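Here is a short briefing on one helix and its charged contacts. Look over the structure first, then read on.

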Amino acid sequence: MNSIDIVYQKAVDEEAEKILKLTITDFIKIGEYGTIEKIINGKKTAIGWWHYKFNNNLHHVFFQTSRRFLLIFHRIYLSGVKLENDKLLTLTNEELDAYS
């Protein structure tokens, strides 16, 4: 990853880290979706988030942002947290791939 990619990835990772600090009760109360405005690399950027409730024991909250490069291409940055078996854990790369 180049330095700009690291900055964008860090931004979504920081949002996921905030969620990891919540109690399970507060985690379950997170809404279905939303956006967070954040300054990334000097630009106001939106980070979208979604909360998927698969059943009582499995929830995913993931964060996504993107940046444009080379005029027409976009690079996507993902991070997330899951509630599984009453534990808050970061989403694996395989789980995040399902959202890209």
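This is a predicted model: local features need pLDDT of at least 70, side-chain atom pairs count only at pLDDT 80 or more; totals for chains, interfaces and linings use all residues.

**Helix 1: geometry and faces**
- Helix 1 covers residues 3–20, and its 18 residues should span 26 Å at 1.5 Å a residue; the end C-alpha atoms are 25 Å apart, which agrees.
- Its buried residues are Ile4, Asp5, Tyr8, Gln9, Ala11, Val12, Glu15, Ala16 and Ile19.
- Viewed down the axis of helix 1, these buried residues fall within an arc of 145°, so they line one face.
- Ser3 and Lys10 are exposed on the other side of helix 1.
- At the helix start, a side-chain oxygen of Asn2 comes to within 3.1 Å of the backbone nitrogen of Ile4.

**Asp5 and Arg75**
- The structure holds eight salt bridges.
- One of them joins Asp5 to Arg75, with the closest N and O atoms 3.2 Å apart.
- Asp5 lies in helix 1 and Arg75 in strand 4, so the pair ties together parts 70 residues apart in sequence.
- Asp5 is buried at 5% relative accessible area, while Arg75 is partly exposed at 29%.

- Glu15 is buried, at 6% relative accessibility.
- Glu15 forms a salt bridge with Lys38, closest N and O atoms 3.1 Å apart.
- This pair links helix 1 to strand 1, 23 residues apart.
- Lys38 also counts as buried, at 18%.
- Glu15 forms a salt bridge with Lys18 too, at 3.2 Å.
- Lys18 and Glu15 are three residues apart in helix 1, about one helical turn.
- Lys10, Glu14, Glu15, Lys18 and Lys38 are linked in a network of salt bridges.

How values were computed: Residues are numbered from 1 along each chain as its sequence is written. Side-chain values use heavy atoms; hydrogens and water are left out. Helices (H or I, at least four residues) and strands (E, at least two) are DSSP runs, numbered from the N terminus. The expected span of a helix is 1.5 Å times one less than its number of residues. Buried means under 20% relative accessible area, exposed over 50%, partly exposed in between (1.4 Å probe, protein chains only). The arc is that of the directions from the helix axis to the C-beta atoms. A polar contact is a pair of N or O atoms within 3.5 Å; within protein, one must be able to donate a hydrogen and the other to accept it, and residues adjacent in sequence count only if both atoms are side-chain atoms. A salt bridge is a side-chain nitrogen of Lys or Arg within 4 Å of a carboxyl oxygen of Asp or Glu.
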